[in-house]
Amino acid sequence: MESLLHRASLLKADGRKLWLFARDPLRFSEGLAPSPLAEASVAAPHMRYHPLEGEWVIYAAHRQNRPLTTEAAPDAVVNPLAPSADPSRPTELPEGNWEVAVFENRFPSLTPGASPPNAAPGAIVAPACGKCEVVVFGQAATVSLGRLGDDRVALILEVLAERTRALADDGALYVLPFENRGAEMGVTLGHPHGQIYAYRFMPRRQALQT
C-alpha cells in the first residue's frame, strides 16, 4: 500500500520554490513563503575542465557569502532553516505542521539559466547548468538524521524519490541526493539537512559506473 504523503508547493518573494511534506494534512500560513531576503540572489557558477581527471569541476565563488550557523559560530545569524516565528526576521521556512521541507538553494552550485562564463587563461570553461535544492529533515535543530524515527526516515526517502523524479522529468541527466554533516565537511548550517544536486550532464565518475 502506498504511504500517505501530503504536500504543498509555495513561492518565495525572491522567486524560489518551496515544497512542504507531512503525513497529516498540512497547516501553515497562506501566501508567499518566507525568505531571508526579498530580492533574488545573484549566482554565477561555472565549470572548468580538469585535463588530468578528464572531468568538469564546478566553481561557485558566491557560496562564500552563505550564512554560517555551526557549533563554531552558533549565534552568528538567525538559523535560516528554523520555522519563521518573527516576521521582522524571516527564515527559509514557515511555521506549521510540516515534517520535511525542500526549497531551491539561494546559493546554488548549479543554476538552470547559467550564462557562459568568461574564459580563464588556459582553461576550458562552460556554464554550470542544473538545479540545487536543500532538504530539511525536520523542524528540530538538534535532532540529527540518525536519531529520527523510522517513519520520519521513510518520509525523507519518499520526498527524495519524489524530488528526484521531478528533477529528472525537468531535464536532469543525473540527480544526487546527499547529506554533508559537520564543519569539517564544509557545512555552514548546523540544522540537520541534506541537499539535492540535479546535473544537466552525466559526471564522468558516475558515467563510468553505468
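**Salt bridges, aromatic pairs and a covered strand**

The side chains of arginine 205 and glutamate 55 meet in a salt bridge, 3.4 Å from N to O. A salt bridge here is a side-chain nitrogen of Lys or Arg within 4 Å of a carboxyl oxygen of Asp or Glu. The pair links distant parts of the chain. Arginine 205 is in helix α2 (residues 204–209) and glutamate 55 is in strand β4, 150 residues apart. Helices (H or I, at least four residues) and strands (E, at least two) are DSSP runs, numbered from the N terminus.

The structure is a predicted model, in which local features need pLDDT of at least 70 and side-chain atom pairs count only at pLDDT 80 or more, while totals for chains, interfaces and linings use all residues. Residues are numbered from 1 along each chain as its sequence is written, and side-chain values use heavy atoms, with hydrogens and water left out.

The two partners differ in cover. Arginine 205 is partly exposed, with a relative accessible area of 48%. Glutamate 55 counts as buried, at 15% relative accessibility. Buried means under 20% relative accessible area, exposed means over 50%, and partly exposed lies in between (1.4 Å probe, protein chains only).

Side chains of opposite charge can pair when their charged atoms come close. By the salt-bridge rule, the count comes to 13. One of them joins arginine 23 to glutamate 158, with the closest N and O atoms 2.9 Å apart. Arginine 23 lies in the loop between β2 (17–22) and β3 (46–50), and glutamate 158 lies in helix α1 (residues 150–169), so the pair ties together parts that are 135 residues apart in sequence. Arginine 23 is buried, with a relative accessible area of 13%.

Glutamate 99 is buried, at a relative accessible area of 16%. Arginine 152 is partly exposed, at 21%. Salt bridges that share partners join Lys12, Asp14, Arg16, Glu92 and Arg106 into one network.

Charges also meet rings. The charged end of lysine 12 sits over the ring of phenylalanine 103, 5.4 Å from its centre. The charged end of arginine 48 sits over the ring of tyrosine 59, at 4.3 Å from the ring centre. The rule requires NZ of Lys or CZ of Arg within 6 Å of the ring centre and within 35 degrees of the ring normal.

A pair of aromatic rings is described by the distance of the centres and the angle of the planes. A search of the whole structure finds five aromatic pairs. Tyrosine 49 and tryptophan 56 form an edge-to-face pair, 5.4 Å centre to centre and with 70° between the planes. Rings of Phe, Tyr and Trp (its six-membered ring) pair if their centres lie within 6.5 Å; planes under 30 degrees apart count as stacked, over 60 as edge-to-face and the rest as tilted. Tyrosine 49 is partly exposed, at 33% relative accessibility. Tryptophan 56, in strand β4 (residues 55–59), is partly exposed at 32%.

The rings of tyrosine 174 and tyrosine 199 have their centres 5.8 Å apart and their planes at 50°, so this pair is tilted. Tyrosine 174 lies in strand β8 (residues 174–178) and tyrosine 199 in strand β9 (residues 193–199), so the pair ties together parts that are 25 residues apart in sequence. Tyr174, Phe178, Tyr197, Tyr199 and Phe201 form one aromatic cluster.

Strand β9 is mostly covered, with seven of its seven residues buried. In a regular strand the side chains alternate between the two faces of the sheet. Both faces of β9 are covered. His193, Gln195, Tyr197 and Tyr199 are buried on one side, and Gly194, Ile196 and Ala198 on the other. Seven bridges join strand β7 (residues 130–136) to β9, and the two run antiparallel. Two strands pair if DSSP finds at least two bridges between them. Cysteine 132 stands opposite tyrosine 197 in β9. Five bridges join β8 to β9, also antiparallel. The bridge partner of proline 177 in β9 is isoleucine 196.
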